[in-house]
Amino acid sequence: IAWYESYTPGPTDVSGVISSNTTWSTSGSPYIVTGNILVSENVTLTIEAGVTVQVNLDLYIKVEGTFTAVGTGWSYITFGSNAASPAEGDWVGIKIRPSAGSIYDSNYDYVSGSQLKYVQIKNASTGLYVYNTGIHVSYTDFINNNNAVEITSTDGVIIDNCLFSENDYGVYAKGGYGGEEPQSNILNTIIRNSSFLNNSQGTYLGTNQRYWENLKIYNNLIKGNYTGINFAGSTFGSGIVSVNIYNNIFIDNNTSLQVNNLFY
C-alpha cells in the first residue's frame, strides 16, 4: 500500500466460543458479530478504546469469563446494530453470567473483574443483562434500547456516571415469576451520578416476589421520562429492606416517583 493511500484495517467477522484470552484491538475494528459469542469461564475478552462492534440481527454476546471494555473520554467503545437502518431491538445484547462479575471497594469504585467504562450501547433488545452477579458500569451511554440494563437476582450492580436516553426502560428489574432466569432478591445496587433523559421508564424496579436490600439512587438527573423512578409491586410478597433515594433532580417527568404496594 502506498504511503498516501488511506487504510482501514477492519472489518473483522467474529462468532462462536472464545476459549482463550482475546483482545479486540483497533487494528481489527470494526468487529462484525456474525454468530452468537460465548466468552468461556476463566477467559478474558478485552476490548480496546475506540473499537466498534456491530452485531447482526437477533444475536448476542454472552460472558461467562471476564469482560473488559474500557474506553476513554475521547475514544469510546461502541456496540450497536449492523443493520443498514439500525433500530431499537435489532440485536439481543450483552449477557453477564454468574461467573463474570466485578469486585468493588467500600466507595463502590471498581477493583477487578468485568468492567464497562466509556462505552456506548445502542439499538439492543436488552443492552446489558446481568444475572446472579454484579457488574461495574461507568461513563457508559445506553441509547435507544428496549431495556438498557436488566438485572435479575443480582448482588453488586454499580451504575456510575452513565447516560440513559430514549430507551423504553433505563434500569429494569422484572418482578414476579417468569423471565429468562429465576427471580430472587436484589442486593447492593448503586445508581449514582447518572442522567435519565427521555425514556419511557427511567427505572422500573419490580418488587413482586422479592425484596431490595441496600439500593441507593443518588445524585442523578431524571428528566423528560414518562416515569422517573417506578417501584412496580403488588400486595403479594413485595418488599424492601433498605432503599435510599436522595439528591436527585427531577424535571419534566409525567410522574417522577411512583411507589406501588410494598411491605417495609
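Select Arg 192 and Asp 160: both are buried (under 20% relative accessible area; exposed is over 50%, partly exposed in between; 1.4 Å probe, protein chains only). The model is predicted, local features need pLDDT of at least 70, side-chain atom pairs count only at pLDDT 80 or more, and totals for chains, interfaces and linings use all residues. Residues are numbered from 1 along each chain as its sequence is written, and side-chain values use heavy atoms, leaving out hydrogens and water.

Stay on this pair. Their side chains meet in a salt bridge, 3.3 Å from N to O (a side-chain nitrogen of Lys or Arg within 4 Å of a carboxyl oxygen of Asp or Glu). Arg 192 sits in strand β19 and Asp 160 in strand β16 (residues 155–160), 32 residues apart. Strands are DSSP runs of E, at least two residues, numbered from the N terminus.

Asp 109 lies in the loop between β10 (102–104) and β11 (110–113), 83 residues from Arg 192. Asp 109 counts as partly exposed, at 33% relative accessibility. Asp 109, Asp 160 and Arg 192 are linked in a network.

Next, Thr 227. It is in strand β24 (residues 227–232). Thr 227 is buried, at 1% relative accessible area.

Finish on Leu 257, in strand β28 (residues 255–259). Leu 257 is partly exposed, at 44% relative accessibility.

Technical notes:
Helix = DSSP H or I, 4+ residues; strand = E, 2+ residues; numbered from the N terminus.
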